[in-house]
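This briefing is intended to be read beside the sequence and the structure, topic by topic.

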Amino acid sequence: LLLNLESFADFISPEVMDEKIFPNIQTGYADSTAYLRELTLKATLVMAPKLTQKTINQNLLKHLSKLQVDEEPAIRANTT
């Protein structure tokens, strides 16, 4: 899903993205594997326009702030 989200994101409604997909994908921001954290972060570019302001403010920004101090330089760079 993370690798191909860009291919089919146009076909997903904002409601489905916000209520069904994002809650499952957000666990990737805290995954122990750096590769999955980075993929989740990159998928955020596709997901964010379809998320509600409430989801962005209450969930997404919290995860992004934690990733700004990640141990992996590539993740820190992609967060900014």
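H63 counts as buried because its relative accessibility is 13%, where buried means under 20% relative accessible area, exposed over 50% and partly exposed in between, with a 1.4 Å probe and protein chains only. The model is a predicted one, in which local features need pLDDT of at least 70 and side-chain atom pairs count only at pLDDT 80 or more, while totals for chains, interfaces and linings use all residues. Residues are numbered from 1 along each chain as its sequence is written, and side-chain values use heavy atoms, with hydrogens and water left out.

**H63 and its surroundings**

- H63 is part of helix α4, which spans residues 53-67; helices (H or I, at least four residues) and strands (E, at least two) are DSSP runs, numbered from the N terminus.
- Apart from neighbours within four places in sequence, the contacts of H63 are Q26 and Y29, contact being defined as heavy atoms within 4.5 Å.
- Between H63 and Q26 there are 37 residues of sequence separation, and their C-alpha atoms lie 8.0 Å apart in space.

**Salt bridges**

- Two salt bridges are found when the whole structure is searched, a salt bridge being a side-chain nitrogen of Lys or Arg within 4 Å of a carboxyl oxygen of Asp or Glu.
- One of them joins R37 to D70, with 2.9 Å between the closest N and O atoms; because R37 lies in helix α3 (residues 34-47) and D70 in the loop between α4 and α5 (73-79), the pair ties together parts that are 33 residues apart in sequence.
- R37 and D70 are both buried.
- A salt bridge also connects the side chains of K42 and E38, at 3.5 Å from N to O, and since these residues are four apart in helix α3, about one helical turn separates K42 from E38.
- K42 counts as partly exposed because its relative accessibility is 46%.

**Nonpolar core**

- The largest nonpolar core has 17 residues, of which L5, M17, F22, Y29, M47, L51 and L60 touch the most other members; such a core is a set of buried Ala, Val, Leu, Ile, Met, Phe, Trp, Tyr and Cys residues joined through side-chain atoms within 4.5 Å.
- Helices α2 (14-25), α3 and α4 each supply at least two residues of this core.
- With residues up to four places away in sequence not counted, L60 touches F22, Y29, T44, A48, L51 and T55.

- M17, D18, I21, F22 and I25 are the buried residues of α2; they lie on the same side of α2 because they cover an arc of only 135 degrees around the axis, the arc being that of the directions from the helix axis to the C-beta atoms.
- The cover over the buried residues of α2 includes α1, α3 and α4, whereas the face turned away from the buried side carries the exposed residues E19, K20 and N24.

**L64 and L41**

- L64 is located in helix α4 and is buried, its relative accessible area being 19%.
- Leaving out residues up to four places away in sequence, L64 touches L41 and T79.
- L64 and R76 are separated by 12 residues in sequence and by 9.3 Å in space, C-alpha to C-alpha.
- L41 is located in helix α3 and is likewise buried, with a relative accessible area of 6%.
- Beyond its neighbours within four places in sequence, L41 is in contact with Y29, L64, L67, I75, N78 and T79.

**A nonpolar surface patch**

- L1, F8 and F11 form a nonpolar patch on the surface, together having about 360 Å² of accessible area, a value from the Shrake-Rupley method with a 1.4 Å probe in which, for residues, only the protein chains shown count as cover.
- Patches are made of residues with over 30% relative accessible area and no salt bridge, like charges being joined within 9 Å and nonpolar side chains (Val, Leu, Ile, Met, Phe, Trp, Tyr) within 5 Å.
- L1 lies in the segment before α1 (5-8) and counts as exposed because its relative accessibility is 54%.
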